[in-house]
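Me: I have a structure to go through with you. Can we take it piece by piece?
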Amino acid sequence: MRRIVSLVPSLTEAVAVSAPPGALVGVTDWCTHPEDLGNAVRIGGTKNPDVRRIAQLRPDLVIANEEENRAPDLAALRAAGVEVLVTEVRDLPQALRELDRVLVGVLGLARPGWLTDAERAWARVEPVGVRTAFVPIWRRPWMVLGRDTFAGDLLARLGVRNVHAGHPERYPRVPVEELAAAGCDLVVLPDEPYRFTADDGPEAFPDLPAALVGGRHLTWYGPSLAEAPQVLSEQLRAAL
């Protein structure tokens with residue numbers, strides 16, 4: 001059995017529910033699903049992993065992502081003799097391909113049923129209605145989804161057009177006054193990475209309906225993808 005360290009919370013969940021128990025020997029502090037990760041050692045955050053601690057775990061493979069993890073950390077791991085697999089996920093089709101590549105192609109696992117369920121669920125998804133929205137992911141300063149993002153692609157498939165999808169940056173900083181004046185029908189507020197709630201976020205845009213959505217279903221590429229169309233559709237419709 002291969003010894004695996006995952007530096008990506010969604011990939012941690014994907015491996016944990018698909019690989020034999022004990023395969024994951026190291027995970028980040030942000031890896032919260034599933035709740036029981038066995039004896040996996042916490043090796044720091046996605047942006048500041050403990051390279052020395054990871055090397056001490058003697059993993060056969062470290063799974064990373066080009067957006068979640070920093071290139072210098074991955075280079076340090078390789079310099080320490082650790083094999084690193086870097087994924088790239090910018091939209092749903094790429095996410096599904098990367099999950100298949102990691103789990104089946106690299107780890108040699110049987111294709112998990114949840115991955116097939118996710119493909120089927122998104123293939124039959126129906127838009128909740130055509131809406132134009134902006135999608136904050138942080139405040140102080142305000143940051144939003146820009147171009148070429150996985151979350152933006154999921155929202156588009158649900159009928160929500162990201163007004164900043166053509167922005168030159170992927171996660172631009174936009175003043176709150178500019179957001180409020182963007183002429184959108186909706187503001188979509190996920191609960192991660194910033195934890196927007198009914199009391200923290202909607203008050204900044206009193207003239208707009210606010211959809212509070214689960215960040216795991218909007219931004220994670222793993223087992224949650226199978227239920228994400230239904231969950232996100234219900235959360236969006238609640239705001240319309």
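This is a predicted model: local features need pLDDT of at least 70, side-chain atom pairs count only at pLDDT 80 or more; totals for chains, interfaces and linings use all residues.

Me: Noted. With that contact rule, which residues does Ser10 touch, not counting residues up to four places away in sequence?
Reply: Ser10 touches Trp220, Tyr221 and Gly222 on that count. Ser10 itself sits in helix α1, residues 9–18.

Me: Is Ser10 buried or exposed?
Reply: Buried, because its relative accessible area is 3% and the cut-off for buried is under 20%.

Me: How many residues of α1 are buried?
Reply: Eight of its ten, so the helix is mostly covered. The buried ones are Pro9, Ser10, Leu11, Thr12, Glu13, Ala14, Val15 and Ser18.

Me: Take Thr12, then. What is its relative accessible area?
Reply: Thr12 has 0% and is buried. Leaving aside neighbours within four places in sequence, Thr12 is in contact with Ser6, Leu24, Val27, Cys31, His33 and Leu37. Thr12 and Thr32 are 20 residues apart in sequence, with 8.7 Å between their C-alpha atoms.

Me: His33 is on that contact list. What kind of peptide bond joins His33 and Pro34?
Reply: A cis one, with omega at about -10°. Pro34 is in the loop between β2 (24–27) and β3 (41–42). A cis peptide bond also joins Glu192 and Pro193, where omega is about 5°. Pro193 lies in the loop between β10 and β11.

Me: Changing topic: aromatics. How many aromatic pairs does a search of the whole structure find?
Reply: Six. One to look at is Trp142 with Phe205: the ring centres are 5.2 Å apart and the planes are at 75°, so the pair is edge-to-face.

Me: Where do Trp142 and Phe205 lie in the chain?
Reply: Trp142 is in the loop between β7 (136–138) and β8 (143–144), and Phe205 is in the loop between β10 (186–190) and β11 (210–213). The pair therefore ties together parts that are 63 residues apart in sequence.

Me: Are Trp142 and Phe205 buried or exposed?
Reply: Trp142 is buried, at 11% relative accessible area. Phe205 is buried as well, at 3%.

Me: What about Tyr194 and Phe196?
Reply: They form a tilted aromatic pair, 4.6 Å centre to centre with 50° between the planes. Tyr194 and Phe196 are buried.

Me: Which residues do ring pairs link into a cluster?
Reply: Phe134, Trp138, Trp142, Tyr194, Phe196 and Phe205.

Me: On to His217. Where is it, and what does it touch?
Reply: His217 is in helix α8, residues 215–219. Not counting residues up to four places away in sequence, His217 touches Leu154, Ser224, Glu227, Ala228, Val231 and Leu232. The C-alpha atoms of His217 and Leu232 are 7.0 Å apart, and the two residues are 15 apart along the chain. His217 is buried, with a relative accessible area of 12%.

Me: Backbone next. Which residue has a positive phi of about 50° although it is not a glycine?
Reply: Arg58. It is in the loop between α2 (51–56) and β4 (61–65). Arg58 counts as exposed because its relative accessibility is 59%, where the cut-off for exposed is over 50%. Asp148 also has a positive phi without being a glycine, at about 60°. Asp148 lies in the loop between β8 and α6 (150–157) and is partly exposed at 37% relative accessibility.

Me: Now the whole chain. How many helices and strands does it have?
Reply: Nine helices and eleven strands. Of the 240 residues, 52% count as buried. Among contacts between residues at least 6 apart in sequence, 57% join residues at least 24 apart.

Me: What is the radius of gyration, and what would a compact globule have?
Reply: The chain has 18 Å, which agrees with the value near 18 Å for a compact globule of 240 residues. The box filled by the C-alpha atoms is roughly 55 × 35 × 30 Å along the principal axes.

How values were computed. Residues are numbered from 1 along each chain as its sequence is written. Side-chain values use heavy atoms; hydrogens and water are left out. Helices (H or I, at least four residues) and strands (E, at least two) are DSSP runs, numbered from the N terminus. The radius of gyration is taken over C-alpha atoms; the globule rule is 2.2 Å times the number of residues to the power 0.38. Buried means under 20% relative accessible area, exposed over 50%, partly exposed in between (1.4 Å probe, protein chains only). Contact means heavy atoms within 4.5 Å. Rings of Phe, Tyr and Trp (its six-membered ring) pair if their centres lie within 6.5 Å; planes under 30 degrees apart count as stacked, over 60 as edge-to-face and the rest as tilted.
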